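Please open the model in your viewer and keep the selection panel at hand. The tour moves from a pair of helices to a set of strands and then to a single side chain.

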Amino acid sequence: MLFTPVEIEETVNMFMHHNLDVRCVTMGISLLDCADGDARRANEKIYEKIMRKAGNLVKVGQEIEKELGVPIINKRISVTPIALVAGASGEKSYVPYCKTLDRCAKELGVNFVGGFSALVQKGISPADRILIDSIPEALATTDFVCSSVNVGTTKSGINMDAVKLMGETIVRTSEASKNCAVNGCSKLVVFTNAPEDNPFMAGAFHGSGEADSVINVGVSGPGVILAAARDYKGKPINELAEGIKKMAFKITRLGQLVGTEAARRLGVDFGILDLSLAPTPAVGDSVARILEEIGLEGAGAPGTTAALAMLTDMVKKGGVMASTSVGGLSGAFIPVSEDEGMINAVKQHSITLEKLEAMTCVCSVGLDMIAIPGDTSATTISGIMADEMAIGMVNNKTTAVRLIPAPGKKPGDWVEFGGLLGGCPVIDVNRFSCADFINRGGRIPAPIHSFRN
């Protein structure tokens, strides 16, 4: 891959002035060959394989940073959903598996390990239930492990028994970690149509259809896209869209270079490049500020969903132009606590939970990193989750929920999560009950357009 001097200068300016970075280099590792009827041996196999495969991950990332001058913010690992690995053991708790993953993260120096996960879109196996039951303690007693549960797909519909169970699990997780430095719910996400190659946390896991080990890269550039939008101030929207697409193309080329080089040095396959506009609490690194630059007084104003739809589509188009390996989520994240513009919008009351839900119809993921009152009932959380899962199911897209009940907090109170997780005001939720609906259980059938064969 060749870069012209002009491209190099332009890219350096993106790093220096617009917060461009490679948000994460994530090594996916299959643990299917680590399953064992003896949990102790299984954990030994897991530890040995992760340490062997990812032993040089951080070192290689640092070398690439130094040689190319490219900031790589996070080095991460994703593994096979642990419910698929631990089921053979006959154990009644999978917390020890989570602690093994956490031990690997600490010894390797990676930022997170994703994959304490279960796939229950059509039914819950005994292993799946044990994993879900283990989540509150697992996340409260570890530091760097992330958990995810997929409760629906376009092909299979939505498992409402799992939705109900996850609402209860989120409440239990919040309570179990209320005295921890980080609320466990910030490391727990519930999906519909979860991708098997997503490098971003908390939802990353290594799908069973993947190679034994791969490198997936996530590149983020809200600040760069914001600068591009400023260059088209007052211009027609189609011209602005073209400018965003071109900038996304340039960002993707950078990610392709880093990903292929990391994979070569680590001796594994290059998987995918996820071009998602993933914000941080830093000023100038916000998706909300892009929407404002497009012409909105504040994120959440009328026109927000249309502007976000255009932004997400142009990011995807620019990425696909630059690489045949674009995958994962790729689009725009709107996590409230991780986006200073979104935080400001909540403070100014220009955005609500319902408006965020509408925006998820067109963005990459869903209701992400949102603090809600600590006394919110499990069925209300399940109802919010069911609405979001339905958007993903019907629109054949990935949607997710990462809600964080804040014990003792009420709407408007501030909650701090720290680091890249940021902090945010608590958002109010609709107080009308959906308990009778959630308690029905069962399954929402797949939509008619799922029958494609």
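Select helix α6 (residues 126-140) together with helix α7 (residues 160-176), which pack with their axes 7 Å apart at an angle of about 20°; axes are lines fitted to C-alpha atoms, for helices over the stretch in contact, and angles run from 0 to 180 degrees between N-to-C directions. The two helices therefore count as roughly parallel (angles under 35 degrees). Show side chains next: among the α6 residues that meet α7 are Ile-132, Ile-135 and Leu-139, and the α7 side includes Leu-165, Met-166 and Thr-169, where contact means heavy atoms within 4.5 Å. By class, this contact has eight nonpolar, two polar and three charged residues.

This is a predicted model, in which local features need pLDDT of at least 70 and side-chain atom pairs count only at pLDDT 80 or more, while totals for chains, interfaces and linings use all residues. Residues are numbered from 1 along each chain as its sequence is written, and side-chain values use heavy atoms, with hydrogens and water left out.

Move to strand β8 (residues 269-277), which runs parallel to strand β7 (residues 213-220) and is joined to β7 by five bridges (strands pair if DSSP finds at least two bridges between them). Within this pair, Val-217 stands opposite Leu-273. Strand β9 (residues 331-332) is also parallel to β8, through two bridges, and Ala-332 is the bridge partner of Leu-277.

Finally, pick Lys-245 in helix α9 (residues 237-266). Is Lys-245 buried or exposed? Lys-245 is buried, because its relative accessible area is 18% (buried means under 20%, with a 1.4 Å probe and protein chains only). Leaving aside neighbours within four places in sequence, Lys-245 is in contact with Met-314, Lys-317, Gly-318 and Met-321.

Key
Helix = DSSP H or I, 4+ residues; strand = E, 2+ residues; numbered from the N terminus. Buried < 20%, exposed > 50% of the residue type's maximum accessible area, 1.4 Å probe, protein only. Parallel < 35°, antiparallel > 145°, perpendicular 65-115°, else oblique. Nonpolar A, V, L, I, M, F, W, Y, C, P; charged D, E, K, R; others polar.
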